[in-house]
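Please open the structure in your viewer and keep the sequence beside it.

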Amino acid sequence: PWLMGMVWAALVPAPDLLVTGDGRHVAIRADDGRYYLLRERAGDYVRDQIAEAAGSDDDALAVDAMPGARCSPDFCLWSIRRGGRPWTVLASRSSYRVDWVPLVAACAHVDVVVSDRRLPRGCTPRWIKADREALQAEVKQLTQEIDRVAKQTTFNGQKILDGSFVGAVFQVGANSGDNVT
């Protein structure tokens, strides 16, 4: 089993795009395999979480340094080539108000839009719109699934993840008295 796990882990491709649950932090894997962060001032905690999710020991660079990336104080735009085609990503960097008409036009020309703000309804990228509203809906759905699993998981007819599994004694060693409660 452990050998199969090692083989599986080695064969899983690295993620191309990592987005935190609030949409504030985005990391992109460039064509050279290095990761670039949308916000250069991301703290150590965010950097560690993204590096762990990416399976990378290298420090992520600022997206401003990514070849081909174009950034303003409010948005960054970049392309990567995957599966034989270019994918264009637009990500917000600030919470300042931006003009609606140019934003909607930009959305129509990209594949993915990521934002920690709520984007206008007219913002319709070709593939994914991951704004605050969509990310909150995803987090809500994941929370509901975790709650469902916690309420339904049983062992020997007893629920073990809903908080009611208390006072159980498990023998963990070869000798009597080697117990965990």
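**The five-stranded sheet**

Begin by selecting the open sheet of five strands, whose order is β5-β6-β7-β8-β9 and whose pairing is mixed. Strands here are DSSP runs (E, at least two residues), numbered from the N terminus, and two strands pair if DSSP finds at least two bridges between them. The model is predicted, with local features needing pLDDT of at least 70 and side-chain atom pairs pLDDT 80 or more, while totals for chains, interfaces and linings use all residues. Residues are numbered from 1 along each chain as its sequence is written, and side-chain values use heavy atoms, leaving out hydrogens and water.

The edges of this sheet are β5 (70–71) and β9, each of which pairs on one side only. Next, select β8 and β9, which pair in the parallel sense over three bridges. Here Val113 stands opposite Lys129 in β9.

**The aromatic pair**

Which rings form the tilted pair? Select Trp87 and Trp127: their ring centres are 5.0 Å apart and their planes stand at 50°, so the pair is tilted. Rings of Phe, Tyr and Trp (its six-membered ring) pair if their centres lie within 6.5 Å; planes under 30 degrees apart count as stacked, over 60 as edge-to-face and the rest as tilted. Trp87 lies in strand β7 (residues 85–92) and Trp127 in the loop between β8 (112–114) and β9 (128–130), so the pair ties together parts 40 residues apart in sequence.

Trp87 is partly exposed, at 22% relative accessible area, and Trp127 is exposed, at 56%. Buried means under 20%, exposed over 50%, and partly exposed in between (1.4 Å probe, protein chains only).

**The four-stranded sheet**

Move to the open sheet of four strands, in the order β1-β2-β3-β4 with mixed pairing. Its edge strands are β1 (17–19) and β4 (61–62), each pairing on one side only. Strand β3 (residues 35–37) and β4 pair in the parallel sense over two bridges, and Leu37 stands opposite Ala62 in β4.

**Around Val63**

Finally, select Val63. Leaving aside neighbours within four places in sequence, Val63 is in contact (heavy atoms within 4.5 Å) with Ile28, Tyr36, Leu37, Leu38, Ala69, Cys71, Cys76 and Trp78.
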